[in-house]
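Welcome to my notebook. I opened a structure that was new to me and wrote down what I looked up, entry by entry.

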Amino acid sequence: MNIQKLSSLAVDAKSRSILSLFDEKSRASQFSISAPHLFVDYSKQNINKLELAQLIAIAHEAKLSESIDKQFNGEKINNTENRSVLHTVLRASKEHQEKVLGEKLAHEVAEAEQQMQQIVNGVQGGSITGCTGKRFTDVLAIGIGGSYYGVKVGLSALEHYRDLSINVHVIANVDGGSLEEKLKKLNVDTTLVVVISKTFTTQETMLNAKAVKEWMLSSELAQDSNSNTSLDFIAKQWFAVSSNIEAVKNFGINEQHILPMWDWVGGRFSIWSAVGLPLALAIGNDNFAKFKQGASDMDLHFKNADFESNMPVIMALLGIWNRNGLEYPSLAILPYAHSLRALPGYLQQTDMESNGKSVSNSGKKLDWLTAPVVFGQEGTNGQHAFMQLMHQSDDIIPTDFIVALKGRSQYTENHKVLVANCFAQSEALMQGKTLAQVEVELIAAGCSQEEVEFLAPHKTMKGNTPSNTLVMELLTPETLGSLLALYEHKIFVQGVLWQVNSFDQWGVELGKQLGSKVLSVMDGAEDDSLSASSKGLIARFKQQS
Ligand code: F6P
């Protein structure tokens with residue numbers, strides 16, 4: 001049995017109603033899993049025990065356990081870049097770090113952790129200040145992609161744990177408008193800047209970093225001071241997280257202020273490293289440690305639980321069932337929590353940059369489709385927007401609902417309504433409403449026969465949309481860590497079964513190359529390789545500038 005055969009295995013499921021599966025009275029409890037900090041009810045998926053058992057058999061046939069061990073033990077599973085994939089080691093015990101990394105590298109990891117903790121303590125405690133001696137009130141983190149999304153999702157999710165004396169801002173987009181918007185809120189002498197870039201060559205990050213540097217150095221304060229103080233702005237207030245030490249130093253950042261990134265931690269899995277510095281500055285060292293602990297708890301569950309009760313494995317298999325068996329092309333991520341509003345964007349990168357591929361890790365064209373199109377928004381906002389399509393178009397969009405049982409705000413009634421809507425939407429997407437049901441309702445509402453005939457088709461809902469409901473008691477650093485690790489592992493398992501290398505991202509390279517080419521044509525270079533369409537657009541741009 002392989003992925004290609006899943007479509008025929010799902011023939012029955014394609015015409016089956018999910019509701020009918022609930023004839024099995026214990027379905028809800030049988031089709032759910034508890035893991036550290038999280039619970040998932042997947043009983044609203046269109047799958048029965050036999051089909052799930054066959055999927056689990058596929059995972060065994062694919063030697064998934066061996067692949068999991070390979071990842072955790074540091075084998076070079078990122079084979080196109082000849083790299084290990086060891087973000088998990090950053091949140092593991094010291095013994096495990098030493099075992100996997102060896103003494104020297106484990107020591108480097110510990111040193112980086114310490115350096116990060118000292119910066120956080122120093123900034124929060126006031127011993128690390130700006131160059132005029134004032135305490136830092138703001139942190140500006142500059143980075144993009146994996147050097148941005150993790151920080152962003154952590155900041156909003158853990159807002160409740162934030163040190164209120166420090167505001168942390170993140171900037172990724174190269175749009176100058178976004179930079180101006182941030183800089184308006186900041187003062188040069190009380191802003192700590194962290195540039196996060198593994199390569200320290202990424203166009204957007206470097207442009208933003210240069211612009212911020214200029215903003216600082218051209219400020220009245222820097223201009224008024226003597227030249228030494230002016231230089232101090234960068235030397236004292238700037239930090240970098242990068243593996244390109246030379247480039248960081250050339251930029252003018254103090255060598256003591258550079259925190260490392262290693263090639264065995266991929267950008268989109270790097271929040272557990274020093275990339276998390278801006279988050280740690282916001283929530284403090286203890287909470288950052290708890291965040292990593294939550295992820296580590298999920299790692300242990302993933303490594304040790306049988307596949308039948310293994311949350312990442314089961315969620316991965318359900319995703320493959322929906323994608324290759326039932327042939328649904330997308331996945332909606334709907335957190336019913338304002339604080340998880342950045343999660344869909346974060347998961348778009350982790351999922352689609354990892355598994356959005358069509359050749360196997362040995363370079364052969366795949367005979368099956370891989371990553372779904374991931375999208376989403378915080379609930380309930382999505383209900384009043386794209387969820388219309390989810391209820392009534394012919395596309396079935398499998399969904400992950402994510403919700404915390406306890407809210408944080410004083411508005412307890414609001415929280416109850418939020419949770420009710422979450423549960424109700426999964427029910428509505430599954431139950432739908434048949435033509436006959438609508439007709440009965442319309443007749444009961446006093447509609448004429450003619451009105452019933454006209455309106456009923458407009459009011460039917462297709463139903464039969466599968467979903468997971470992921471539940472946490474309360475959104476805490478541990479829960480968030482566990483949630484992000486869950487999706488990391490889910491994506492990894494899917495990569496193993498789809499046979500792709502989930503850890504490279506060559507697809508973004510062409511855009512980068514053509515970006516430079518277009519820029520040079522805008523600056524006057526000749527290039528015949530661009531299409532007439534692009535040349536025309538460039539000409540329009542030039543006319544305006
Ligand atoms: O989007 C491509 C990518 O290479 C990501 O993988 C990475 O997270 C991002 O760009 C930023 O790269 P860097 O950290 O080198 O600036």
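This is a predicted model: local features need pLDDT of at least 70, side-chain atom pairs count only at pLDDT 80 or more; totals for chains, interfaces and linings use all residues.

**Entries on rings, ligand and domains**

I began with Phe503, and since its relative accessibility is 10%, I list Phe503 as buried.

Next I looked for aromatic pairs, and the count came to 13. I picked one of them: Phe492 and Phe503 have ring centres 6.3 Å apart and planes at 35°, so I call this pair tilted. The reason is the cut-off, because planes under 30 degrees apart count as stacked and those over 60 as edge-to-face, with the rest tilted. The pair joins distant parts of the chain, eleven residues apart. I found Phe492 in helix α21 (residues 477-498), while Phe503 is in the loop between α21 and α22 (507-522).

Is Phe492 buried or exposed? I noted 4% relative accessibility for Phe492, so Phe492 counts as buried. I then saw that Phe492 and Phe503 belong to one aromatic cluster together with Phe72, Phe269 and Phe302.

I also checked for charges over rings. Arg27 lies over the face of Phe31, and I noted 4.0 Å to the ring centre. In another case, the charged end of Arg91 sits over the ring of Trp272, 4.5 Å from the centre of that ring.

Then I turned to the ligand. Which residues come nearest to the ligand? I counted 14 residues around the ligand, and Gly146, Ser147, Ser197, Thr199 and Thr202 come nearest. Gly146 has a polar backbone atom 2.7 Å from an oxygen atom of the ligand. For Ser147 I found a polar side-chain atom that lies 2.7 Å from a ligand oxygen atom. Glu353 also places a polar side-chain atom by a ligand oxygen, at 3.1 Å. On its own the ligand exposes 400 Å², and the protein buries 87% of that.

My next stop was His415, which I located in helix α18 (residues 412-431). Its relative accessible area is 17%, so I put His415 down as buried, given that buried means under 20%. A polar atom of the His415 side chain lies 3.0 Å from the backbone oxygen of Ala404.

Last, I looked up the domains. The domain assignment gives domain 1 as 3-75 + 297-431 + 467-498, domain 2 as 102-283, domain 3 as 433-464 and domain 4 as 509-544. How far apart are the centres of domain 2 and domain 4? I wrote down 33 Å between these two centres, taken over C-alpha atoms.

Technical notes. Residues are numbered from 1 along each chain as its sequence is written. Side-chain values use heavy atoms; hydrogens and water are left out. Rings of Phe, Tyr and Trp (its six-membered ring) pair if their centres lie within 6.5 Å; planes under 30 degrees apart count as stacked, over 60 as edge-to-face and the rest as tilted. Helices (H or I, at least four residues) and strands (E, at least two) are DSSP runs, numbered from the N terminus. Buried means under 20% relative accessible area, exposed over 50%, partly exposed in between (1.4 Å probe, protein chains only). A charge sits over a ring if NZ of Lys or CZ of Arg is within 6 Å of the ring centre and within 35 degrees of the ring normal. A residue is near a molecule or strand if one of its heavy atoms lies within 4 Å of it. A polar contact is a pair of N or O atoms within 3.5 Å; within protein, one must be able to donate a hydrogen and the other to accept it, and residues adjacent in sequence count only if both atoms are side-chain atoms. Accessible areas come from the Shrake-Rupley method with a 1.4 Å probe; for residues, only the protein chains shown count as cover. Domain bounds come from an automatic or database domain assignment.
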